[in-house]
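User: I'd like to learn how to read a few features of this model. Could you take me through them, general idea first?

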Amino acid sequence: MIPITAARVAELTSARLIGDGAMLVGPGVSIDSREVSPGALFAAITGSNNDGHEYVSQAVAAGAAAVLVEREVFSELGELVPVPQLLVPDVVNALTALARAVVAAAKGNGLKVLALTGSSGKTTTKDMLAQVLEPLGATVSPPNSLNNATGMPLTALRVGADTEFLVSEMGASHVGEIANYVTVAPPDAAAVLNVGLAHLGEFGSRERIAQAKAELVNDLAPTSWAVLNFDDPLVAGMAANTPARIAGFSVLNTDTDLSGLELWVRIKDLDSDAYGRPNFTLYGKTPTESFEFPVQLRFLGAHLVADAAAAAALALAVGVSAADVATGLNAALPRSRWRMEPHLLRTGTLLLNDAYNANPLSVRAALAVIKDMKAKRLQTGAPVRVTAVLGDMLELGAESAALHQSVGRQAAAAGVDTLLA
């Protein structure tokens, strides 16, 4: 954020200010005392394992200019810590309010907000999209998977005076969560990637998950874009309830009719190399052009083609040319760890680390990559043996056992020789 006074931070967060209101705070905002930069605002969040208030002194020693707290904090000598303290009932809510004000001011100066959600593929899509936008203007996007109640506002608070694009990844574990995020960073273009079974135990059904994901597009401005995956019926159905302009992408079903949309993206001629990196032709239309470009992704897995199509549609929706989209996708590299991350061992074994998280949709996609890679290697006459090591998929509720059994059958069908579970 642009540095502002402690008094202004107090005003924006409805905080009670203790200390010098004229102190300049920013541009950094941190919830980790080890990552505090000089002048930063340190937010003392109370979590299940740690209480940020216990680290206020370390944050001040590292250069924090002010602290956002839920109770007064004293030094070891019994004195108030020597920086302004902003007292609020809830630090996370205060961070959210501050992020809302920062984004609103930046949008008044031309900031474009691009948001996305989905049961899987969010982080990869976000990484691809950021790399399409970065050559065109200063871009803020979340590192790794900062898509929750703290990560989303922290990302928004990185917006500065020169930021042209904010990419916001929005996850959800309950209904109403994404609706709140949308008030923080109202999107100019928002994409729903898919509705899977992640957090099924929390939501209870796919339809309930779809309700939560639809919050991203339900209240968009009529001039904004809702970017929808028309291969997923639950996502395609969201078009009926958004006032926004509709953009669509489809990579699976060639019979899906997108011709009536103002903006659409498809792929054809899909293939992959021996390492599972897909190549294809990206084509479609925008309100101003029709296009067709070759793309060779540097990411592993044919399932990521849908993520590339979503990233393309989002960028096109905010005015990026199709040529720049294709250039960005061809140059983009994986940024977030443990997502189909390849490691060639000294024995010659290829280890694919996809251990960041798991749900039935993402495991099925990973197994499809293994099946394709094994088939290509067998065509060369090389001996191939596949071992899969699969941990539990959590938060699946009453369907957990059946969904794990289904994954076991999928592993067999994919040609896995040994399954460790």
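Analyst: Not counting residues up to four places away in sequence, Glu289 touches Gly284, Ser321 and Ala322. Keep in mind that this is a predicted model, where local features need pLDDT of at least 70 and side-chain atom pairs count only at pLDDT 80 or more, while totals for chains, interfaces and linings use all residues. Residues are numbered from 1 along each chain as its sequence is written, and side-chain values use heavy atoms, with hydrogens and water left out.

User: Where does Glu289 sit, and is Glu289 buried, partly exposed or exposed?

Analyst: Buried means under 20% relative accessible area, exposed over 50%, and partly exposed in between (1.4 Å probe, protein chains only). Glu289 has 29% relative accessibility, so it counts as partly exposed. Its place is the loop between strand S15 (278-285) and strand S16 (290-296); strands are DSSP runs of E, at least two residues, and helices are runs of H or I, at least four, numbered from the N terminus.

User: Which residues of H13 are buried?

Analyst: In helix H13 (residues 400-413), the buried ones are Leu403, Val407 and Ala411. They lie on the same side of H13 because they cover an arc of only 90° around the axis, taken from the directions from the helix axis to the C-beta atoms. Arg409, Ala412 and Ala413 are exposed on the other side of H13.

User: What follows H13?

Analyst: Gly415 does, with a positive phi, near 90°.

Methods:
The expected span of a helix is 1.5 Å times one less than its number of residues. Contact means heavy atoms within 4.5 Å.
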